[in-house]
Each structure stands twice: as C-alpha cells, then as structure tokens.
Amino acid sequence: MPTPGPLEIVIILVIVLLIFGPKRLPDLGRSLGRGMREFKDSVTGKDDDEPARIAQSEPAPAAPAEPAPVERAPVEHAPAERTTPE
C-alpha cells in the first residue's frame, strides 16, 4: 500500500477540520497524544503509577467489625384451611 503524499495529507486534514471544527481540534490532538503516550509507556513497561503501588502496599486502616448476626426463633405457622369449591 503506497504511503499518502502531501496532497492526500492536506485533503485528510481539511476533512478533519470540517468534521470536528477549529474549537475541538486542540482537544482532539491532546487526547490523541495522551493516548499514544500511555500506549507507548504500557508497551515499554514504564509506569507512572509507582507511588500508587506503594500506597496500595501499605496496610489499610482496620475496618469496623460487623455485628454478630442475631439468631431468631423459628416461627411456627398454623396450617392454612383449604376451601374446596363445591
């Protein structure tokens, strides 16, 4: 597959500009760059979440104990009276 030349790149950029508009293009480029950077970092093994891993390895504060379940006496039900249609 041949690579796009300068004219094709200009045409693609004009189409993108018409679709998204000039106000959304900077946000679109920023989010695209951020996604590419995160992908590259995950592939190469570089992680920015080292402090988060350290924080996760620290013991968490003890959670309050749950109250003991209350045992209830079984309820006896009287047999229901059945009425038969006559």
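Is F20 buried, partly exposed or exposed, and what is its relative accessible area? I looked this up first. F20 is partly exposed, because its relative accessible area is 33%, and the label covers what falls between buried (under 20%) and exposed (over 50%), using a 1.4 Å probe and protein chains only.

A note on what I'm looking at: this is a predicted model, where local features need pLDDT of at least 70, side-chain atom pairs count only at pLDDT 80 or more, and totals for chains, interfaces and linings use all residues. Residues are numbered from 1 along each chain, and side-chain values use heavy atoms, without hydrogens and water.

Next, I checked the overall layout. I found 3 helices and 0 strands in the protein chain, in the order α-α-α. Helices here are DSSP runs of H or I with at least four residues, strands are runs of E with at least two, and numbering starts at the N terminus.

Then I went back to F20, which lies in helix α1. That helix covers residues 6-20 and reaches 21 Å from first C-alpha to last, close to the 21 Å expected (1.5 Å times one less than its number of residues). Just after α1, I saw G21 with a positive phi of about 85°.

The chain's accessible surface is about 9,000 Å², with 63% belonging to carbon and sulfur atoms (Shrake-Rupley method, 1.4 Å probe; for residues, only the protein chains shown count as cover).
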